[in-house]
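Please read them beside the sequence and the coordinates.

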Amino acid sequence: MADMTGTALAPQLYLQAQARWRAIEVAFWLATLLPFVLLPNYLVLASQIAITALFALSLDLILGYAGIVSLGHAAFFGLGAYTAGIISKFGWGEPLSGLLVASILAGTVGYASSFIIARFRHLALIMITLGLGLLLHEAANSAHWLTGGADGLQGVKIWRLLGRFNFDLWGYTAYAYSLIVLFLVFLVARRLIHSPFGLALRGIRENSVRMPAIGAPSRSHIRTVYTIAAVIAGVAGALLAQTTETVSLEVLSFGRSADVVVILILGGAGRLYGGLIGAIIYMVARDQFSGINPQFWYFWIGSLLVAVVIFLPNGILGGLAALAARWRSRS
Amino acid sequence: MIAPVVGVLFDGFAYGMLLFLLSVGLSVTLGMMNFVNLAHCAFAMLGGYVTVTLMEAAGWPFFATLPIAFLAAALASVVLERVLYRRLYRASELDQVLLTIGIAFISVAIAAYIYGTIQQPVRLPSYLRGSFTVMGVSIAVYRLFLVGVSLVITLLLIAALEYTRFGAQVRAAVDNQRMARGLGINVDGTFAVTFALGSGLAGLGGALAIEIIGLDPSFALTYLIYVLIVVSMGGLGSIGGSFVAATLLGISDMAGKYYVPEIGSFLIYLVMVSLLMWRPAGLFGRR
C-alpha cells in the first residue's frame with residue numbers, strides 16, 4: 001500500500017504496473033496443463049476444480065473486491081446449471097450456445113436482483129442474499145415438472161464440443177473445455193480488476209459512503225459488478241451441467257454457497273488468484289478426506305476455517321504475500 | 001371448520017415458542033456486540049445431546065436433565081467466548097461468520113462421530129405424552145407444556161431486563177456500546193454473562209426441541225437458518241421483536257406445511273425477504 005501514495009499522481013501508470021504479467025502467473029497457467037501429462041487419472045477432478053475456481057472467481061469480484069458478502073451465490077450457479085441442462089434435455093445439446101444461453105439468463109436474473117442487493121449492507125444484506133438463494137432452491141424443488149425436483153434433472157445429453165470432441169469418461173475434453181473457459185473468463189476479470197472500474201470497486205469495499213462523495217456512483221457500480229459475477233457464476237454452473245451431464249438440486253443449495261465463500265477466504269479474498277488457489281486446495285483435500293469418511297471432512301473444513309480466520313486473516317495467498325514481504329525487507 | 005384452524009394456530013404457536021427459545025440469546029448478543037454467532041445452534045444441539053445422554057446412559061428423569069442442558073451449553077459458550085470469539089469483536093462480519101460457521105461444522109462432525117447420524121430418541125414422562133380435546137381442538141400436552149415454559153421464560157427475561165441493574169446495563173450496551181463504556185459499564189463482562197445466558201437458553205431449547213423437531217448432527221445447521229430469520233426479522237437486541245418474529249414464523253411455517261405442502265418452505269423465505277426489504281433492521285430494530 002505504501003507505493004500507492006507515490007504513484008497517486010499517475011493513476012494510469014499505477015494501473016499499468018499492476019496489470020503487468022508476472023513470471024509466476026505464466027508459470028501457474030502453464031502448470032494447469034500438467035494434469036494432462038502427469039495425472040491423466042485425475043482429469044475429472046481437475047475439471048471440477050477448474051469449474052469451482054471459476055465460481056470462486058465470480059464471488060471474488062463481488063465479495064473480495066466490492067465487499068458484498070453473499071451467502072446465496074449458488075443461485076446463479078444453479079440457474080446456469082439448470083438452464084444448460086434443460087435446453088439440452090429439450091433437444092439442443094450444443095455446448096457453446098448452451099453456455100451462452102445459461103450466462104445470459106443468469107446475468108438477467110443477476111441484474112434484476114442487483115437492484116435489491118445494492119440497497120443493503122451488513123446483516124440485512126447477508127440475510128437477503130441467503131433468503132433469495134433459499135427461495136430459488138425451494139422453487140426448483142417445487143417445480144418438479146421442469147427440474148425433476150429432488151430426483152435431479154434426467155436425460156441431459158450434450159453433443160460433441162465443436163462437433164468434434166466427445167465428452168469422454170476420462171475427462172480429457174471436460175478438463176480442456178473447463179480450463180479454456182476458465183482462462184478466458186480470468187483474462188476478462190483480470191482486465192476488469194486492473195481498470196479504473198476495478199479501482200472504484202475497491203473504493204466501495206473500503207468506504208461505500210465516501211465513494212459517491214468523490215463522484216463514483218457506488219450503487220450503479222455494485223449493480224454492474226453483481227451482474228458480471230452472476231454471468232460468470234452462470235457459466236460455471238453450465239460447465240458443471242455439461243461436463244457431468246447431470247444436474248441435481250445440490251447446485252442451488254446453501255451448502256454450495258457456503259463452500260464457495262470458504263474456498264475464496266481460504267485462498268485469499270480480494271486477490272485474483274485467491275479463488276483459484278482455494279479451489280485447488282479445497283477440492284483436492286475433499287477428494288482425499290471424504291474418501292475416508294464424509295463426517296471427518298466437516299471436521300477438517302471447520303478446523304481449517306477457524307485456523308484461517310485466527311492465523312491467516314488474508315487467506316493463504318495473503319499469508320504468503322506477508323511472508324514474501326518480510327523476506328524481502330530482511331534481505 | 002374453526003377447530004382445525006385453531007389447532008394449526010396452536011401448533012404453530014408452540015413451534016414459534018421453540019424458535020423463540022432457540023434464538024433469543026443470539027438476538028441479544030448480536031444487538032450488543034454486533035457479533036454474528038452462527039455457532040449458536042451448535043450450543044442448542046449440545047443441550048439436546050446432553051439431555052439424551054443423561055437419560056439414556058445415566059437413566060436421569062427428563063426434568064432433571066434440563067438444567068444440566070442449560071449449564072452445559074452456557075459453560076461451553078463461555079469457554080469458546082474467552083478463547084476464540086473475543087479476538088474477533090472488532091473484526092469484519094465476514095471473519096466472524098467464517099469462524100463461527102467453522103465451529104458449527106466441527107460440532108456437526110463431533111456429534112456425528114459420537115452419536116452417528118441417526119435421529120436421537122427422547123422418552124418423555126407419561127404425563128407429558130398424549131393429547132386432550134377442548135371444544136373440538138386437539139391439544140398435545142407436550143406442546144402446551146412447551147408454550148407454558150416459553151411464556152414463563154419470556155416473562156422472566158423481560159422482567160430481568162427491565163427491572164434489574166444488570167438488565168439496565170445490558171440495555172445500555174445494546175443501545176450504544178461506546179456510550180455505555182464511557183459511563184463505566186463493564187461491557188465485556190456484561191456481554192460474557194449475556195452470551196452464556198443466551199447460549200444456555202439455546203441449550204434448553206435444544207433439549208426441549210427433541211420431541212418436536214428431532215435431534216441429529218445436522219441440527220446445528222438446519223435450524224440456524226430459522227434462528228437467523230427470527231433474529232433478522234425481529235430486529236437485533238429486541239426480545240419483544242424476537243417473540244413476535246418467532247410466533248409469526250412458527251405459525252406461517254406450520255400453516256404453510258398444512259395447507260400448501262407442495263411449496264414447502266418457500267413461504268417463510270418469501271416472508272423473510274419481503275420483510276427485510278421493507279424494514280432492513282427488522283420489525284423492532286432501531287438501527
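1. This is a predicted model, and I begin with the contacts inside one chain. Of the contacts in chain A with a separation of 6 or more, 78% are accounted for by residues 24 or more positions apart.

2. The secondary structure of chain A comes to 17 helices and 0 strands. Buried residues make up 47% of the 331 residues in this chain.

3. As for overall dimensions, the C-alpha trace of chain A spans about 60 × 45 × 40 Å along its principal axes. The radius of gyration of chain A is 20 Å, which agrees with the value near 20 Å that a compact globule would have with 331 residues.

4. The contact between the chains takes 30 residues from chain A and 30 residues from chain B. On the side of chain A that touches chain B, the elements giving two or more residues are α8 (122–142), α14 (254–267) and α16 (294–311) of chain A, and the largest share, 13 residues, comes from α8(A). The residues of that side divide into 22 nonpolar, 7 polar and 1 charged.

5. Within chain B, helix α9 (residues 219–234) packs with helix α10 (residues 239–259) at an angle of about 130°, their axes being 8 Å apart, and α9(B) is therefore oblique to α10(B). The crossing of α9(B) and α10(B) is right-handed.

6. Among the residues of α9(B) that meet α10(B) are B:Tyr226, B:Ile229 and B:Met233, while those on the α10(B) side include B:Val244, B:Ala245 and B:Leu249. The residues of this contact divide into 9 nonpolar, 3 polar and no charged.

Notes. Residues numbered from 1 in each chain as written. Chains lettered and ligands numbered in written order. Predicted model: local features only at pLDDT ≥ 70, side-chain atom pairs only at ≥ 80, totals over all residues. Helix = DSSP H or I, 4+ residues; strand = E, 2+ residues; numbered from the N terminus. Rg over C-alpha atoms; globule rule 2.2 N^0.38 Å. Buried ≥ 20, exposed ≤ 12 C-beta atoms within 10 Å, placed from the backbone. Contact = placed C-beta atoms within 7 Å. Nonpolar A, V, L, I, M, F, W, Y, C, P; charged D, E, K, R; others polar. Axes fitted to C-alpha atoms, helices over the stretch in contact; angles between N-to-C directions. Parallel < 35°, antiparallel > 145°, perpendicular 65-115°, else oblique. Left-handed = near helix turned anticlockwise from the far one by under 90°.
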